[in-house]
Structure formats: structure tokens, C-alpha cells
Amino acid sequence: MAIRIRFPAEDPPVVELTSYPLTELALSLHTVADPRMQPRLAPFVRRARSRLPKQISQDLSELAFLLGPPAPAPFAFPEGPPVDVPQALAAISPRDEDFQWSLSMHVDGTVPEDVRRNGNSAVLDELQRDPDAVAGRLLQLFRDYWTHAFSQEWADVEARLALARAEAELQLVSGGIGSLLTSSTRRARLSEGGIAV
């Protein structure tokens, strides 16, 4: 299924360029869990993995399938303005409705079969019996990953994100949203009627 969004050329949308530290944390952990996703990040993955205590590495192995798809909602779609990672993590509870919703998708069959098939069966059983406990484990994994590994990389990542935002802002000013979209995705199409993504 494809979704087409068309922005009329005469009335382009307002664009806000924001990065969310919590989303970056989740994307990073997802890459550390499965390095095949981003082979060019192998040095980062090696550094991050080397910093994780054995128990946290084991938890990552068991819980990796819960990182996405679908990504846990509080990490994929943070609400409000960006806040630093420790503050954002402290604001999430294992009983958070959005967090529980994304985890429940692994139980109710919403998640594709190949993703469920790769899931840890003991964790899937526990998710049916005690979703709060699994949510707590996953949330603790994010906290431990921040403490032991990602916090040491964050200053560099944050600087790169700021540079990318500045470059995107320049591109928006000089060429509009069409210019930005066509340089960031091959799925953007420009036509006289507007921009389709």
C-alpha cells in the first residue's frame, strides 16, 4: 500500500526541523541490536557494544525485536518540544498507554509474522502474562544503554544533528520544501501540481 501526500506548489506547508534525543537514542539502540541495518556505522556499534555490561547485552538480545517495527511509540513520536535524554526517559512509565499500545501489537497480531517469528518466545509469553514487566524491562534497557554507551556518543551525535538541521534550513531557504525533500528521499516527486511524497 502506498500513501501519497501532495503539497500544492502555491501553498507549501510550514516546515519545522527538529531532532528528538529520545528518538535518536531508540534509533541508535536499534542499530546496535542489529548492525546489519547500517554497516557504515560498524565502528560506532563496536564502541557501544564494548561498553555494555554482559547482562545488558543479554537483555538487548532478548528484547531487540521490541525495538521495531513498530518502534515503541514514546520513542518514535515524542510529544512536545525536545528534552534531554535523562529527563525524557524519566517521564516515561512502563504503564504509559502509548508504550503499552506499541508492545501489545506484538501480541495481537498487528506486527508482521516475520517480525513475530524473530521474537524471543519467552518474552512474547511474558508480554501476554505481564505487559508491565516487559515494558519495565525494555524501558530499563533504554536507560542502561544511555548510561553505559550512548551518553558518551551524544555530544558528537548532537553536533552532527545541529549541522544537518542548519544545512536543511539553508536548503529550505534557497529551494523550498521541494529541494529539501528531493535531496533527502528518492520518493519525492516534483511536478507542476506540487510535491508528492
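Good morning. The protein folds into nine helices and three strands; here helices (H or I, at least four residues) and strands (E, at least two) are DSSP runs, numbered from the N terminus. Starting at the N terminus, the order of elements is β-α-α-α-α-α-α-α-α-α-β-β.

Before I go on, a word on the source. This is a predicted model, in which local features need pLDDT of at least 70 and side-chain atom pairs count only at pLDDT 80 or more, while totals for chains, interfaces and linings use all residues. Residues are numbered from 1 along each chain as its sequence is written, and side-chain values use heavy atoms, with hydrogens and water left out.

Of the 197 residues in the protein, 36% are buried. Buried means under 20% relative accessible area, exposed over 50%, and partly exposed in between, with a 1.4 Å probe and protein chains only. Among contacts with a separation of 6 or more, 72% are between residues 24 or more positions apart, where contact means heavy atoms within 4.5 Å.

Let me turn to the pockets. Rolling a probe the size of a water molecule over the atoms shows where empty space is left. On a 1 Å grid over the protein atoms alone, a pocket is an open set of points where a 1.4 Å probe fits, with protein on both sides within 12 Å along at least five of seven lines; lining residues have an atom within 4 Å of a point. Grid points are joined across faces, edges and corners, and a volume is the space filled by probe spheres set on the points.

The largest pocket holds about 510 Å³ of space. Its lining has 16 residues, and E24, R40, L41, F44 and V157 are the closest to its centre. Two or more lining residues come from each of α1 (21–33), α2 (42–51) and α9 (131–184), and α9 has the largest share, with six. By class, this lining has seven nonpolar, three polar and six charged residues. Ala, Val, Leu, Ile, Met, Phe, Trp, Tyr, Cys and Pro count as nonpolar, Asp, Glu, Lys and Arg as charged, and the others, Gly among them, as polar.

The second largest pocket has a volume of about 420 Å³. Of the 20 residues that line this pocket, A33, D34, R36, A64 and F65 lie nearest its centre. Helices α1, α3 and α7 (113–117) each give two or more residues to the lining, and α3 gives the most, with four. The classes here are nine nonpolar, six polar and five charged residues.

Next, a helix pair. How do α8 and α9 pack? Helix α8 (residues 121–129) meets α9 at an angle of about 125 degrees, with the axes 5 Å apart. Axes are lines fitted to C-alpha atoms, for helices over the stretch in contact, and angles run from 0 to 180 degrees between N-to-C directions. The two helices are therefore oblique to each other. From α8, the contact uses V123, E126, L127, Q128 and R129; from α9, it uses P131, A133, V134 and R137.

Finally, the prolines. Both P69 and P70 lie in the loop between α3 and α4. The peptide bond from G68 to P69 is cis, with omega near 0 degrees, and another cis bond joins P69 and P70, with omega about -10 degrees. P81 sits in the loop between α4 and α5 (85–90) and is exposed, at 65% relative accessible area. The C-alpha atoms of P81 and T18 are separated by 8.6 Å, although these residues are 63 residues apart along the chain.

Methods:
Angles under 35 degrees count as roughly parallel, over 145 as roughly antiparallel, 65 to 115 as roughly perpendicular and the rest as oblique.
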